[in-house]
Amino acid sequence: MDMIEVSGLVKSYGPIEAVKDIQFRVKKGEVVGFLGPNGAGKSTTMKIITGSMAPTGGSVRVAGYDVFEDPVEVKKRIGYLPENPPVYGEMTVESYLRFVAKLKGVSSDRVSKQVEKSIEKTDLGSVRKRLIQNLSKGFRQRVGIAQALVSDPEVLILDEPTSGLDPRQVAEVRALIQELKGEHTIILSTHILPEVQSMCERIIIINRGRIVAEDSIQGLSNRMAGSTQVKIKVSRSGAALEAALKSLKGVHGVVASDGGYTLQVSAGGQVGSAGQAGGATQDSSARFENSDLAVELIAETVVQTKSGLLELKRDAVDLEEIFLKLTTGEESQSPGGVR
Amino acid sequence: MREVLVIAGKDLRNLFMSPLFYSIAGLCTIAWTLVYFLGLQEFAEASSMNAMQGAGEGASLHFVVFTRHISLVNLVMIFAVSAMSMRLFTEEKRNQTMALLLTSPVSSTQITLGKFLAGLLAAWALIAVSFFYPASLRVFTAFDWGPLISSYIGLLLLTGCYVAVGMLASSLTESTVLSVIMSLIFNVMLWFIGALSDASSDSNVSKVFDHLNVGSHFVNFIKGSVSLAGVTFFVSVIVLMTFLTQRVVESNRWR
């Protein structure tokens, strides 16, 4: 069942169109990452889904309810963390969470239980009696997340959940979201790439108010040309190795650095020794095997040349490149082109 | 209803936990105490003079002491309520907590009513304090409760108007300073609309303005008559201002 259905969403501020015809679906229990540069329309889209902003056109359905016809039903099902955690500085963490729970319509006998649960999940036990204004940014962000969780909503919408946190806290928040994966349908926005990779099953890349790509991470990285990056360290440098790698089909770039001891190989498209990957270009599982194949072939080649393989690292972290390609590309690039 | 109470409860709690409320309450009581004490002393002197001259009781306690107290309470409330109601919406907007309210399963009407209720109860708490001044005199002397009670009913309704106006002002801006200034101007204007009746030569128009005269309605309450026209007038002002605020809150979604 589709938990969230967004179709033909348009939002304009006067002559400026912040969101242009955004369309996507999210299945129950899915974790979807919203990716895009600042000002791409991520927050606007999220605000519209949560019902705090009305769109200029298009419709949003959450759990089968239309956001504009049954706003209360939709809002009961959504936990929302805006860019800035919506906290009252003069309240203590506990009283604030109790207030939010009641506001979200948690029945009186369940309020305490739900507050305890969200405090426990976000690990706020040590500060529960403190005033929120005296808490650090990281704790406030966690209070914000606790606030989104407190009504145990089916859908969680998190706008940049890790912004302003230190690396340890970022790791904690990511772990928390991992934990929440099964129970809730989650949409989270970010402009930090590793975040999406570590947390999301699917990404939607938005640029200038349009969806420029939508796929699983694997699918996305595989479909892009030059998506497989392999870093090799060898103990014996040699032109032979470089030449051998370059001669592989599908390898379209070998950059030797560090005096030839480190090589950066990029491969993609039609990979393999002749004929092997002939027809396998259409469905994404085939492409996935393709990139595996590329790594396999490269490894084989390195061993065959007896260069003394010390390290072979596959850089899946190529999302960055995809992202840049998609978001800095000229406007004229049609959204369907990548899709 | 539960939603309204939840929002009102939160706002009241935050107001009662803040130094703002107590500074306002402190300043109010200082002003009231000084003036009330002076008025009482004056009245005591005047009535003992009357008694010596054998001219009977003289002026009534209600019209000399209480009325003066009540008009001062009214004057002070214009400022006090403006200062208290400024936070109702501006604070939410500045804290970005408006997003929380707007994404919760509550309607704009419930948000507005919750806020109004919080402001109203806070203002009425101050009115209750001011009621102790005349009421405590009962220990020393007998007086008629009637006009005092009716004056206080008027006062409660009037402060309701101030709260509704202040709430509207705070919903219009993100700046607390601007909100206070607007609220003060609107509240003072409320008192001067009635004066426009003199400015118009058309007798029907001036009749309309006469009915909009806060002062003349309030005077009836002080005189001891709780008239339907008076109650209707104050309630209408409250309803109108609350309705306008609700529209402003609702419009947040469309911007």
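Buried here means under 20% relative accessible area, with exposed over 50% and partly exposed in between (1.4 Å probe, protein chains only). Keep that cut-off in mind for the stops below.

This is a predicted model, in which local features need pLDDT of at least 70 and side-chain atom pairs count only at pLDDT 80 or more, while totals for chains, interfaces and linings use all residues. Residues are numbered from 1 along each chain as its sequence is written, chains are lettered from A and ligands numbered from 1 in the order in which they are written, and side-chain values use heavy atoms, with hydrogens and water left out.

**Stop 1: B:Pro105**

Select B:Pro105. Its place is the loop between α5 and α6 (108-136) of chain B. Helices are DSSP runs of H or I with at least four residues, strands are runs of E with at least two, and both are numbered from the N terminus. B:Pro105 has a relative accessible area of 5%, so it is buried. Now show its contacts (heavy atoms within 4.5 Å). Not counting residues up to four places away in sequence, B:Pro105 touches A:Val72, A:Lys75, A:Lys76, A:Leu103, A:Lys104, B:Glu3 and B:Gln110. For scale, pick B:Tyr36: 69 residues separate it from B:Pro105 in sequence, and 48 Å in space, C-alpha to C-alpha.

**Stop 2: B:Asn14**

Move to helix α1 (residues 2-16) of chain B and select B:Asn14. This residue is buried at 5% relative accessibility. Leaving aside neighbours within four places in sequence, B:Asn14 contacts A:Tyr88, A:Glu90, A:Met91 and B:Arg87.

**Stop 3: the sheet in chain A**

Select β6, β7, β8, β3, β9 and β10 of chain A. These six strands form an open, mixed sheet in the order β6-β7-β8-β3-β9-β10. Two strands pair if DSSP finds at least two bridges between them. β6 (78-81) and β10 (210-216) of chain A are the edges; each has a single partner strand, so one side of each lacks a neighbour in the sheet. On average, neighbouring strands are turned by 15° against each other, direction ignored.

Zoom in on β6(A). Four bridges join it to β7 (residues 155-159) of chain A, and the two run parallel. Find A:Ile78 there: it stands opposite A:Val155 in β7(A).

**Stop 4: helix α5 of chain A**

Axes are lines fitted to C-alpha atoms, for helices over the stretch in contact, and angles run from 0 to 180 degrees between N-to-C directions.

How many of the 13 residues of α5(A) are buried? Ten are, so the helix is largely enclosed by the rest of the structure. Among them are A:Gln141, A:Arg142 and A:Leu149. The cover includes β6, α3 (93-103), α4 (108-121), β7 and α6 (167-180) of chain A, together with α5 (98-102) of chain B.

**Stop 5: a helix pair in chain B**

Select α7 (residues 145-172) and α11 (residues 214-223) of chain B. They pack at about 150°, with axes 7 Å apart. That makes α7(B) roughly antiparallel to α11(B). Angles under 35 degrees count as roughly parallel, over 145 as roughly antiparallel, 65 to 115 as roughly perpendicular and the rest as oblique. At the contact, residues including B:Leu155 and B:Leu158 of α7(B) meet residues including B:Phe218 and B:Phe221 of α11(B).

**Stop 6: cysteines**

Finish with B:Cys161, buried at 1% relative accessibility. The closest cysteine sulfur, in B:Cys28, is 18 Å from its own, too far for a bond. A disulfide is a pair of cysteine sulfur atoms within 2.5 Å, and the count over all chains is zero.
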